[in-house]
Each structure stands twice: as structure tokens, then as C-alpha cells.
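Please keep the sequence and the structure at hand while reading.

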Amino acid sequence: MYSIGVFSKKTGITIRTLRYYGEKGLLKPAYISDGGQRYYNDDSIITVQKIVTFKYLDYSLEDIKELLEKNDSLLESLEQQKYQLLIKKKQLEQMISTIDTAIHIHQEHTAVDPTTLLLVIHSLLTEDAQRDYLRQYIPEQLIDRIYSYFGMNFIEINRCYIESVHEIKQAFICTPTDTVLKEIIERLFSIIPQDLAQSLVQEFGKYETIEVDNWLFSIPFTTEEENWLMEQVERLKILEEVIT
């Protein structure tokens with residue numbers, strides 16, 4: 001038998017954590033003395049090893065408790081956990097690519113607005129929710145086309161997006177000639193291929209009103225910048241050229 005202090009040193013798990021595992025039903029002491037002292041045995045060591053391993057595999061404590069109670073479900077659970085980790089791996093790879101894009105733009109002496117970069121990362125984290133939202137208005141096939149395009153051209157799209165947003169913010173501060181301004185705005189709109197843009201306009205045009213979810217589809221402009229941008233788009237007739 002090991003006292004909780006000795007067991008803590010042997011396993012590298014703090015006494016506080018061992019008590020917490022006990023409260024959650026993951027690790028029960030092998031024996032509790034009349035004075036309330038907790039003691040553990042060699043079986044307890046194996047249980048702790050399992051808990052540490054499952055935590056390393058990113059299982060929640062609730063899931064770990066269930067796995068400890070049902071050893072026969074381990075293989076199925078591991079397969080499901082692998083699937084979840086692969087999704088997280090993809091998200092992390094995309095985040096790293098986003099950061100690499102920002103670093104690359106900085107190296108080219110182009111300013112990167114922190115808000116814009118954070119919104120790009122936020123968009124990655126909410127992709128599944130975005131898809132669910134879009135299913136209200138457009139076919140699944142079109143949704144797959146959109147995200148497939150973004151996935152294949154991820155770095156270039158985000159580089160163009162971040163640069164275009166910066167250029168528009170600068171144009172708002174100091175308005176260039178109409179020719180230059182039109183080129184700047186068209187670069188932003190051209191990030192989405194014309195055929196995809198036309199398909200989106202066609203599908204969204206079937207609805208009288210569309211409630212835009214600003215949490216899922218954040219706009220990197222202030223209200224003043226956005227209103228000014230829409231005025232310029234209308235004045236320069238940019239949308240007519242993009243969707244026709």
C-alpha cells in the first residue's frame with residue numbers, strides 16, 4: 001500500500017489531482033483508514049497510467065471514466081478519437097498556414113491588421129457551423145464546391161484576402177482615384193471565382209430576406225468602413241461586373 005503522498009511522488013500526479021480523480025470516480029483508493037487517510041496499491045498505478053494515456057489522447061474525464069468502466073468499448077472509442085484528432089490536426093495545419101501567410105505578408109513589408117487575421121482564424125474554427133448555416137439557403141453540392149475551392153487554395157486566398165482588406169482600409173483613410181479604387185475592390189471580390197459568385201447570387205436570390213449570422217461570417221470592417229465600401233461598390237458598378 002502507498003499513502004497518498006508516496007503515491008503522488010511515485011506517479012508524478014499531484015495530491016490535489018489524485019483527490020480530484022477520486023471525486024470524479026476515476027481513481028478510487030484501495031483503502032481508506034478510519035482517520036480518512038487514502039492508500040493506493042499497484043492496481044491503482046495501472047489505473048493512473050490509463051488515465052494519463054487517455055488524457056494524452058485528448059479524452060475528456062467523463063469519457064475516460066466510461067472507458068475505465070467498459071474495457072470492451074476501447075477499440076471503437078479509439079477509432080472515434082482518431083477521427084476527432086484528425087479533424088483537429090487539419091484545423092491546426094490550417095491555422096499554421098494562416099500564420100505563415102501573415103508572416104510572409106509582413107516580410108513583404110505589407111501591414112497586417114490583427115483583427116483581420118484573428119477573424120480568418122475564427123472562420124476556420126467555425127467552418128462546420130458555417131456549413132450548417134448555409135444549408136438553410138443553398139444546396140450541399142454548392143457548399144462542397146465552395147469549401148473545396150478554399151481548401152485547395154488556402155494560403156493564396158488568405159494572402160489575397162488579408163492584403164485586400166488592408167488596401168481597402170487604407171483607401172478609406174485616403175481615397176485614391178476611381179481607377180485605383182476599383183482595382184482594389186475588384187481584387188477583394190475576385191477572391192471567389194466568378195462562377196461560384198454567380199451560383200451564390202442565384203441561390204440567395206431565391207429568398208426575400210436572409211438573416212446573416214455575424215458570428216459565423218464576421219466582417220473585418222467597421223460600420224463606417226463597410227458603409228463607405230458598399231457606396232463605392234454601387235457607385236463604381238462593381239457587382240454588376242462580378243456577377244454577370
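The sections below describe a predicted model, beginning with the sheet and ending with the cysteines.

## The sheet

Strands of a sheet pair through backbone hydrogen bonds, in either a parallel or an antiparallel manner. In this model, three strands form an open sheet whose order is β1-β3-β2, and the pairing is antiparallel. The edge strands are β1, which covers residues 2-3, and β2, which covers residues 31-32, and each of these pairs on one side only.

Strand β3 spans residues 38-40 and is joined to β1 by two bridges, the two strands running antiparallel. Within this part of the sheet, Ser 3 is placed opposite Tyr 39 of β3.

## Helix α8 and its two partners

Two packed helices are described by the angle between their axes and by the distance between those axes. Helix α7, made up of residues 127-134, crosses α8 at roughly 145°, and the two axes come within 10 Å; the crossing of α7 and α8 is right-handed. On the α7 side the contact is formed by Glu 127, Gln 130, Arg 131 and Leu 134, which meet Glu 140, Ile 143, Asp 144 and Tyr 147 of α8. Sorted by class, the residues of this contact of α7 with α8 comprise four charged, three nonpolar and one polar.

Helix α8, residues 140-152, also packs against helix α11, residues 194-204, at an angle of about 145° and with the axes 11 Å apart. The crossing of α8 and α11 is left-handed. Here Leu 142, Arg 145, Ile 146 and Tyr 149 of α8 meet Asp 195, Leu 196, Ser 199, Leu 200 and Glu 203 of α11, and this contact of α8 with α11 has five nonpolar, three charged and one polar residue by class.

## Glu 203 in helix α11

Glu 203 belongs to helix α11 and is among the residues of that helix that meet α8. Is Glu 203 buried or exposed? Its relative accessible area is 14%, and because the cut-off for a buried residue is under 20%, Glu 203 counts as buried. Leaving aside residues up to four places away in sequence, Glu 203 touches Tyr 137, Ile 138, Pro 139 and Leu 142.

Gln 81 lies in helix α5, which runs over residues 74-107, and with a relative accessible area of 11% Gln 81 is buried. When residues up to four places away in sequence are not counted, Gln 81 touches Leu 57, Asp 58 and Tyr 59. Gln 81 and Asp 58 are 23 residues apart along the chain, while their C-alpha atoms are separated by 8.0 Å.

Asp 58 itself sits in the loop between α3 and α4, the latter helix covering residues 61-69, and a relative accessible area of 37% makes Asp 58 partly exposed. Helix α3, residues 42-56, contains Thr 53, which is likewise given as partly exposed, at 43% relative accessibility.

Most residues other than glycine have a negative phi. Against this background, Asp 58 has a phi near 75°, a positive value in a residue that is not glycine. Lys 237, also not a glycine, has a positive phi of about 55°.

Lys 237 is located in the loop between α12, residues 223-235, and α13, residues 238-242. At 47% relative accessibility, Lys 237 counts as partly exposed.

## Cysteines and disulfides

A disulfide is a covalent bond between the sulfur atoms of two cysteines. How many disulfides does the count give for this model? Under a rule that requires a pair of cysteine sulfur atoms within 2.5 Å, the count comes to zero.

Cys 160 has a relative accessible area of 23% and is partly exposed, whereas Cys 174, at 57% relative accessibility, counts as exposed.

Notes. Residues are numbered from 1 along each chain as its sequence is written. This is a predicted model: local features need pLDDT of at least 70, side-chain atom pairs count only at pLDDT 80 or more; totals for chains, interfaces and linings use all residues. Side-chain values use heavy atoms; hydrogens and water are left out. Axes are lines fitted to C-alpha atoms, for helices over the stretch in contact, and angles run from 0 to 180 degrees between N-to-C directions. Helices (H or I, at least four residues) and strands (E, at least two) are DSSP runs, numbered from the N terminus. A crossing is left-handed if the near helix is turned anticlockwise from the far one by less than a right angle, and right-handed if clockwise. Contact means heavy atoms within 4.5 Å. Ala, Val, Leu, Ile, Met, Phe, Trp, Tyr, Cys and Pro count as nonpolar, Asp, Glu, Lys and Arg as charged, and the others, Gly among them, as polar. Two strands pair if DSSP finds at least two bridges between them. Buried means under 20% relative accessible area, exposed over 50%, partly exposed in between (1.4 Å probe, protein chains only).
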